[in-house]
Amino acid sequence: MSIENQLKLELNQAAAKRKYPRGLDDRIYRLFDEHRKKKRPSFIRAWRKKYGSIAVIAASLLLFSGVAYASTLLYNLQANNISIEVAGEQKLQFSQAQLKEIRASIHEVRQQLSVGESAVVYINELDRVKLPGAQTGMGLTKVNQPKSYTDITQWKDVVKGNFEGIKIPVELPQGFTFSSGELESPIGMLDAASTAKYYKPLQQQAAAAKQSMAWQKAAAQDKLAPTDFITESPRLVYMNSSHDRIEISYSVMPASDKNIDVKIKTSPSSTADNVQVAGFDAAYTVNNNSFLSDTGVVQDINWLEQKDGRTVIYHVSSPSTNVSKEELLFVANHMR
């Protein structure tokens with residue numbers, strides 16, 4: 001991302017947090033029109049319609065006056081009214097001992113789940129992370145035991161609905177073949193309602209038992225909780241003879257007339273490059289400090305596409321260092 005675009009992004013983020021007296025926009029509008037004495041039509045009315053808040057724009061301009069700042073922004077992707085921002089966060093740097101404990105807790109829970117079941121898990125080492133502005137720690141995660149489909153046609157039929165018409169690879173790098181399709185990723189997402197429901201009880205349960213983690217099977221109705229974000233994330237897995245994996249996962253943002261900003265924090269040691277996928281802006285990232293894979297590594301190519309008024313979020317990723325950036329791009333560019 002160019003420094004100009006990065007400045008604009010920082011500016012818009014700061015502007016959104018500005019607070020100003022109720023009615024200030026109307027006072028500015030009224031005073032300006034009086035000053036102009038209606039000699040000609042005011043341009044503020046149209047400007048206000050386009051930008052929403054004169055006061056916010058005016059306050060934003062002050063940020064250019066000798067303000068020094070540092071940004072951990074990795075990338076920003078936009079599609080119509082959807083914006084996804086990914087930034088490094090120093091507090092998300094884990095030691096190898098922490099990563100081992102987090103992965104062990106996740107593995108322990110998954111081993112006790114039947115196929116198709118999910119659990120909400122509280123992990124002390126994750127809860128040590130307190131992000132600015134968050135009401136709780138990062139202690140909760142969702143662990144799934146998804147059913148695997150070895151017939152991709154059957155998988156495509158099962159995921160119809162929210163994921164109707166999603167793209168799949170029509171060509172793969174040499175040596176890779178289809179391994180399985182799943183209805184959910186092994187590590188899932190929790191919406192605000194589920195976080196509010198499970199956080200305190202599981203935190204207290206772990207403390208009372210003097211354990212490093214506590215968990216509970218997710219209730220079926222949790223998936224029906226109202227949310228702006230569809231938390232299901234089906235995926236496809238491709239593998240070569242060396243058991244290197246390439247994974248494709250999908251998420252969908254439902255159609256909305258609201259502006260939706262998704263802010264994601266990741267390890268501060270993560271790196272990102274801007275790339276193109278079939279004419280779409282995309283990001284290639286490498287995270288070497290991730291608990292989402294057994295290797296601690298996640299390479300990922302991420303981009304957004306519009307489909308029937310919804311926004312589909314595509315991820316082509318791999319937990320293997322043997323898989324190259326070029327191979328991931330090859331898969332991404334051969335999806336139809």
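Q: How many aromatic pairs does the count come to?
A: Rings of Phe, Tyr and Trp (its six-membered ring) form a pair if their centres lie within 6.5 Å; planes under 30 degrees apart are stacked, over 60 edge-to-face, and the rest tilted. The count by this rule is six aromatic pairs. One is tilted, because the rings of W155 and Y250 have centres 6.2 Å apart and planes at 40 degrees. W155 lies in helix α7 (residues 152-158) and Y250 in strand β10 (residues 245-253), so this pair ties together parts that are 95 residues apart in sequence. Helices (H or I, at least four residues) and strands (E, at least two) are DSSP runs, numbered from the N terminus.

Q: What should I know about the model and the numbering before going on?
A: This is a predicted model, in which local features need pLDDT of at least 70 and side-chain atom pairs count only at pLDDT 80 or more, while totals for chains, interfaces and linings use all residues. Residues are numbered from 1 along each chain as its sequence is written, and side-chain values use heavy atoms, with hydrogens and water left out.

Q: Are W155 and Y250 buried or exposed?
A: Buried means under 20% relative accessible area, exposed means over 50%, and partly exposed is in between (1.4 Å probe, protein chains only). Both W155 and Y250 are buried. The rings of F178 and Y238 form another pair, with centres 5.8 Å apart and planes at 70 degrees, so this one is edge-to-face. F178 belongs to strand β6 (residues 177-182) and Y238 to strand β9 (residues 235-239), 60 residues apart. F178 has 24% relative accessibility and so counts as partly exposed, whereas Y238, at 4%, counts as buried.

Q: Which residues form one aromatic cluster?
A: W155, Y250, W303 and Y314 form one.

Q: In what order do the eight strands of the open sheet run?
A: Strands of a sheet pair through backbone hydrogen bonds, either parallel or antiparallel. Two strands count as paired if DSSP finds at least two bridges between them. Here the order is β5-β6-β9-β10-β15-β14-β13-β12, with antiparallel pairing. β5 (148-149) and β12 (271-277) stand at the edges with a single partner strand each, so one side of each has no neighbour in the sheet. β5 pairs with β6 over two bridges, and Y149 has G181 of β6 as its bridge partner.

Q: How many of the residues of β15 are buried?
A: Eight of its nine residues are buried, leaving β15 mostly covered. Seven bridges pair β10 with β15 in the antiparallel sense, with S249 bridged to H315 of β15. β14 is joined to β15 by nine bridges, also antiparallel, and L304 has I313 of β15 as its bridge partner. The hairpin of β14 and β15 has two residues between the strands, and D308 there takes a positive phi near 55 degrees.

Q: Which strands does helix α9 lie across?
A: An axis is a line fitted to C-alpha atoms, for helices over the stretch in contact, and angles run from 0 to 180 degrees between N-to-C directions. Helix α9 (residues 325-333) lies across β10, β12, β13 (280-287), β14 (298-307) and β15 (310-318), at about 35 degrees to β12. V331 is in helix α9 and counts as buried because its relative accessibility is 0%. Contact means heavy atoms within 4.5 Å. Beyond neighbours within four places in sequence, V331 is in contact with P169, L172, P173, I246, I248 and V316. V331 and P169 are 162 residues apart in sequence and 6.2 Å apart in space, C-alpha to C-alpha.

Q: Why is strand β4 described as largely enclosed?
A: Five of the five residues of β4 (residues 140-144) are buried, so the rest of the structure largely encloses this strand. L140, K142 and N144 on one side and T141 and V143 on the other are all buried. β4 is joined to strand β3 (residues 118-123) by five bridges, running antiparallel, and S118 has N144 as its bridge partner. Two bridges join β4 to strand β7 (residues 187-188), again antiparallel, and V143 stands opposite I187.

Q: What is the mean pLDDT of the protein chain?
A: pLDDT is the predictor's confidence in each residue, from 0 to 100. The mean is 81, and 76% of residues reach 70 or more.
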